[in-house]
Amino acid sequence: MSGAAAPAQQMTGSNRYMLLILLVPGLLALMTTFLLPMVWLARASFSTSSMSAFGGGVTLEHYHAALTDPFYWKVAMNTLSLGVTVSFFAVILSYPIALFLTRSTSRWRGVLTALAVAPLLTSAVVRTYGWMVILGDRGVINSTLQSLSLTTDPVRLSNNTFGATVALVEILMPYAILAMLAGFGRLNPQLEEAASMLGASKLRVFWRIILPLSLPGILTGALLVFVLAISAFVTPRLMGGGRVFVLGTEVFQEATVTLNWPLAAALSVVLLALFSSVIVIYQRALRRLEA
Amino acid sequence: MSEHHVVVENLVKTYPGAATPSVDHVSFALPKGEMLALLGPSGCGKTTILRMIAGLIEPTSGAIQLNGREISQTPVHKRNMGMVFQAYALFPHMTVAGNVAFGLEMRGVPNSERGPKVQRALDMVKLGHLGDRRVTQLSGGQQQRCAIARSLVIEPELLLLDEPLSNLDAKLRDEMRDEIREIQSRTGVTAIFVTHDQDEALSMADRLAVMSAGRIEQIGTPREIFDAPANEFVAGFIGAGNFLSGRVTAPGQAEIEGLGPLRFAAPASVGSRVQLMVRPHRFKLAAPGPNAFTGQVESLVYRGQILTLAITVGGRRLTADLHTHAGTLPAKGDTVTLAVAPGDVTFLSEAAA
Ligand SMILES: Nc1ncnc2c1ncn2[C@@H]1O[C@H](COP(=O)(O)OP(=O)(O)OP(=O)(O)O)[C@@H](O)[C@H]1O
Ligand SMILES: [Mg+2]
């Protein structure tokens, strides 16, 4: 804290004034698009009136409902397990790609990097539909299996957690790759050379040098995917076919179908709390790693 | 086959896509315990040679032998060589002691023996008290020392150093120069180091190889290289020199264009053209006479013990380094005479006229 304050104290008065002016547009934008909705959300979660956030009295009943109903606990557990599974597989699959892109000296490296993150150019909705075409009961895989007479009934690949997981992993991989590329700054081919000169085989160079040095990138990628996965709504909804219950889909359900806005708000606040605690714990761990 | 510890034979490296080889038929042999400096201008292939010996890149052709055994096919991690990289390449996620212990760990040295060995290596480079530090918290010189300890603790067959001092400031560089030399002679490890600093090469190496464009121009002791350079490139790269070319008019005497006769102590046939050189410190102030050139002092640089002056004679410049204790010193514009003994004239080459 004191370290951050020191340079500010050295600033002259007019400098500080300038800084304030420069910050105003950003702060205003944040206020209106982030802070105000948050306040509104928090207030709505305590509201007794089901449709207006600031009308009605204050009650804890929605939190009571959200936190005591075993259904919501199950939903929370579903969400967490989906988040963990998706980040696990997205990281496992993205790591070799990111590692290859970082270490490659080919002149195609730039093109390959662009290709790896190109899926971000299409919306998650479009890509989810793509997965429905592949994994659906009459989708590519099932019709192939059936035309080869390997199965008679379609294999359940979508409208369940499996389908949602597969689609989310693929949709979120580019984020993981980008986060890893940004977090691999400490990788350095010369360190690998130094290790092998000291007698480390390729495998040991990987375990003792490459993996520890790329760990911050891996953890950042995992965190990003986790946060995006537990807040995802479109993909679990479409790929889950209404059978996958996660916090994102439930908030949507309460807000637009049941029209219970306070409960939706309370669920959102719970989701937010979940996010923030994960991020805080994570950043602690990351900082310790990089120290 | 020989008592040479390291033998490099006809080593060639042509990088993919390159028109000319970066290392071109390089050969040398090193007895055990010797320190060889590879010296040459930037891009002449010094690092490439070192990396081929280390096994980090594959030679296009040629042989590398260690203890009489061909090692071209031995993978890097089995060559048992120590390397000190220019940027040190210390592992940032390990402590100082962790870095030094790494090589021992890879060799399966049991934990109980590792500790004392690491401590001894750190003590040797005066880092004994900093073992628990993170390497990112070390100064440049300390990182350098840590890298040396890390490469020596594994008791390597050969120590390779790639411009180990180039990242240090001038004062620290002098200190580390002595220190590396001291450690090397104490441990008796055979070493090859790369540099493009002639002072470093002259003061640290038992022998030096002067390179240019992928080839070794001359290999010899510092003294041989300095006093008897094989050609103009070596003479010009190591130390300053006044290059004089002329025609041999009588045995041991040449007529230098614009200067007149100069006697030298080397056999050269009468009528041929010779390339001669006089090192600036070989000139002395003298009275006009044979082997002396008189001219006006054009510039003076006082360097404490040495006074470097340039005179113009017959339209050309001659530079001389004079000891400042030699009586009254000339001033700018003075007319002085510089003389050189025939034995102090370096003979470089001879060509038929
Ligand atoms: N990986 C590579 N691919 C292609 N050419 C290379 C490569 N590495 C080096 N070269 C070329 O080989 C030549 C020798 O390079 P090297 O690094 O051995 O020079 P050096 O003597 O160590 O120079 P410096 O003193 O600048 O370090 C240079 O012309 C360089 O451009
Ligand atoms: Mg080099």
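Tutor: Let's start with a cluster: A:Y95, A:F184, A:F206 and A:W207 are linked to one another through ring pairs. Rings of Phe, Tyr and Trp (for Trp, its six-membered ring) pair if their centres lie within 6.5 Å; planes under 30 degrees apart count as stacked, over 60 as edge-to-face, and the rest as tilted.

A quick word on what you're looking at. This is a predicted model, where local features need pLDDT of at least 70 and side-chain atom pairs count only at pLDDT 80 or more, while totals for chains, interfaces and linings use all residues. Residues are numbered from 1 along each chain as its sequence is written, chains are lettered from A and ligands numbered from 1 in the order in which they are written, and side-chain values use heavy atoms, leaving out hydrogens and water.

Back to the rings. Over all chains, the pairing rule gives 12 aromatic pairs. Take A:F46 and A:Y63: their ring centres are 5.2 Å apart and their planes meet at 40 degrees, so this pair is tilted. It links distant parts of the chain, as A:F46 lies in the loop between α2 (13-44) and α3 (61-68) of chain A while A:Y63 is in helix α3 of chain A, 17 residues apart. (Helices, H or I with at least four residues, and strands, E with at least two, are DSSP runs numbered from the N terminus.) A:Y63 is buried at 15% relative accessibility, whereas A:F46 is partly exposed at 27%. Buried here means under 20% relative accessible area, exposed means over 50%, and partly exposed is in between, using a 1.4 Å probe and protein chains only.

Now compare a pair of neighbours. The ring centres of A:F88 and A:F89 are 5.2 Å apart with planes at 85 degrees, so the pair is edge-to-face. Both partners are partly exposed: A:F88 has a relative accessible area of 48% and A:F89 has 40%.

In chain B, the charged end of B:R150 sits over the ring of B:F91, 4.6 Å from its centre, and that of B:R279 sits over the ring of B:F226 at 4.2 Å. The rule asks for NZ of Lys or CZ of Arg within 6 Å of the ring centre and within 35 degrees of the ring normal.

While we're in chain B, have a look at strand β7 (residues 158-162). 5 of its 5 residues are buried, so the strand is largely enclosed by the rest of the structure. B:L158, B:L160 and B:D162 point one way, with B:L159 and B:L161 pointing the other way.

Strand β6 (residues 81-84) of chain B pairs with β7(B) in the parallel sense over 4 bridges, and B:M81 stands opposite B:L158. Strand β8 (residues 190-195) of chain B also runs parallel to β7(B), joined by 5 bridges, with B:F193 as the bridge partner of B:L161. Together, β7(B), helix α5 (residues 170-187) of chain B and β8(B) make a right-handed β-α-β unit. Right-handed means that, with the strands pointing away from the viewer, the path from the first strand over the helix to the second runs clockwise.

B:S151 is buried at 1% relative accessibility. Leaving aside residues up to four places away in sequence, B:S151 touches B:G82, B:M83, B:V84, B:P156 and B:L159; contact means heavy atoms within 4.5 Å.

Finally, where the chains meet: 24 residues of chain B and 18 residues of chain A take part in the contact. About 2,000 Å² is buried between them, with carbon and sulfur atoms giving 65%. B:H77, B:H93 and B:M106 supply 29% of the area that chain B buries against chain A, more than any other three residues. Buried area is the accessible area (1.4 Å probe) that two parts lose on being put together, summed over both.

Technical notes:
Pairing = 2+ DSSP bridges.
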